[in-house]
Amino acid sequence: VKATQGYRAGARAVSGLAVAIAAFGVSFGVLARSAGMSPWAAVAMSATTMAGSAQFAAVSVLAAGGGAIVAVVAGALLNARYAVMGLSAASALTGPVWVRLLLAQLVVDESWAVAQTGDGTLDRDRVIGAGLVLFGTHVTSTAVGAFGVGVLGDPTTLGLDAAFPAMFLALLWPHLGERQARRVAAAGAIVALAVTPLAPPGVAIVAAAGAAVVGSRWR
Amino acid sequence: MSTGWIVTLGLGAVTIGVKALGPVLLGERRLPTQILAALRLLAPALLAALVVTQAFATGRDLSLDARAAGVAAALVAVVLRAPTLVVIGSAAAVTALVRLFV
């Protein structure tokens, strides 16, 4: 009974985000198709990567004509934060190795945020409840976008290409309350713009990660 | 195998591994503080890079086009603390309108 309450609390906490997640999912499905991916590949990426920004980054590289390795690296670097979140989640995700492996997949930005207990650890049941809602919404909406692409028409005509930087801006904004993060974000943007004309698509984003390493030494 | 599937499988495998790293391998152990500090700052650095490249870059070319107007609208929405859906919607709508009329 206690676990069920935790699942429900987690699910409820992210339910307000469901519409936005679904909009991202549909947009991702559409963008993936316009980047030349098959609908099933788009759905499989949402199910296995389950991290909107990394998926958008990887597919944006493909859409811009970049190669597979650069696309994977661009997405993987965006997901490096999950190594940190995973560390804080480790103590809550108890069980055999295969259970830990599966539960760890449910730890994404939103489920990590709503499952905070306040002392730096996570509530296992809330991670599960929130994570399952996010997973279901993300995968289902990706399928809607990926298979319904002909119905929606050209995403560029609908301005959907501008939806991606807008989404990244919305995700970036909460980080900017902190002075060090503001400086790192500014440095990342400058490095990315400076490297764009010099390197294949996606490399600029990877290069901007250097700002984080340098910035972590700033005080 | 198509490029799309290679990226799907590659990124999926990397992400599953990264997410599982702490809970499966490290358990209670902690990384050096310096590494944690750098990883924590990856999000603002990379998100800012994504915003500017997707707003101003087409391949290797930098340009000011309809997307910039859309992102400006998104910035206004973000500053006004609008819901994410409104931020995205306003960017798409403004970009579409600029393409339609300009």
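A salt bridge is here a side-chain nitrogen of Lys or Arg within 4 Å of a carboxyl oxygen of Asp or Glu. By that criterion, the count between chain A and chain B of this predicted model is zero salt bridges. Eight residue pairs, both members at pLDDT 80 or more, are in polar contact across the interface of chain A and chain B.

The extent of the interface comes next. The size of an interface is often given as the accessible area lost when the parts come together. Between chain A and chain B about 6300 Å² is buried, and carbon and sulfur atoms give 78% of that area. In chain A, the residues that lose the most area to chain B are Leu87(A), Leu169(A) and Leu193(A), which together account for 9% of what that side buries. In terms of residues, 89 from chain A are in contact with 65 from chain B.

Which helix gives the most to the side of chain A that touches chain B? Helix 11 of chain A, residues 160-172, does so, with 13 residues. The residues on this side of chain A comprise 66 nonpolar, 18 polar and five charged.

Helix 11 also takes part in a helix pair that spans the two chains. Two packed helices are described by the angle between their axes and the distance between the axes. For helix 11 of chain A and helix 4 of chain B, the angle is about 145° and the axes are 8 Å apart; the crossing is right-handed. On the chain A helix the contact involves Leu160(A), Asp161(A), Ala162(A), Ala163(A), Ala166(A), Met167(A) and Ala170(A), which meet Thr84(B), Val87(B), Ile88(B), Ala91(B), Ala92(B), Thr95(B) and Arg99(B) of helix 4 of chain B. By class, this contact has ten nonpolar, two polar and two charged residues.

Helix 4 of chain B, residues 84-101, also contains Ser90(B). A polar atom of the Ser90(B) side chain lies 2.9 Å from the backbone oxygen of Val87(B). When residues up to four places away in sequence are set aside, Ser90(B) touches Ala73(B), Ala74(B) and Ala77(B).

Within chain A, helix 13 can be followed through two packing arrangements. With helix 12 (residues 179-195), helix 13 (residues 203-215) has axes that come within 8 Å and cross at roughly 150°, in a right-handed crossing. Helix 12 of chain A contributes Gln180(A), Val184(A), Ala187(A), Gly188(A), Val191(A), Ala192(A) and Val195(A), while helix 13 of chain A contributes Val203(A), Ala204(A), Ala207(A), Ala208(A), Ala211(A), Ala212(A) and Gly215(A). Eleven of the residues in this contact are nonpolar, three are polar and none is charged.

With helix 5 of chain A (residues 68-78), helix 13 of chain A packs at an angle of about 35°, the axes being 9 Å apart. This crossing is left-handed. Val70(A), Val73(A), Ala74(A) and Leu77(A) of helix 5 meet Val203(A), Val206(A) and Ala209(A) of helix 13. The contact of helix 5 with helix 13 in chain A has seven nonpolar residues, with no polar and no charged ones.

Definitions and conventions. Residues are numbered from 1 along each chain as its sequence is written. Chains are lettered from A and ligands numbered from 1 in the order in which they are written. This is a predicted model: local features need pLDDT of at least 70, side-chain atom pairs count only at pLDDT 80 or more; totals for chains, interfaces and linings use all residues. Side-chain values use heavy atoms; hydrogens and water are left out. Contact means heavy atoms within 4.5 Å. Buried area is the accessible area (1.4 Å probe) that two parts lose on being put together, summed over both. A polar contact is a pair of N or O atoms within 3.5 Å; within protein, one must be able to donate a hydrogen and the other to accept it, and residues adjacent in sequence count only if both atoms are side-chain atoms. Helices (H or I, at least four residues) and strands (E, at least two) are DSSP runs, numbered from the N terminus. Ala, Val, Leu, Ile, Met, Phe, Trp, Tyr, Cys and Pro count as nonpolar, Asp, Glu, Lys and Arg as charged, and the others, Gly among them, as polar. Axes are lines fitted to C-alpha atoms, for helices over the stretch in contact, and angles run from 0 to 180 degrees between N-to-C directions. A crossing is left-handed if the near helix is turned anticlockwise from the far one by less than a right angle, and right-handed if clockwise.
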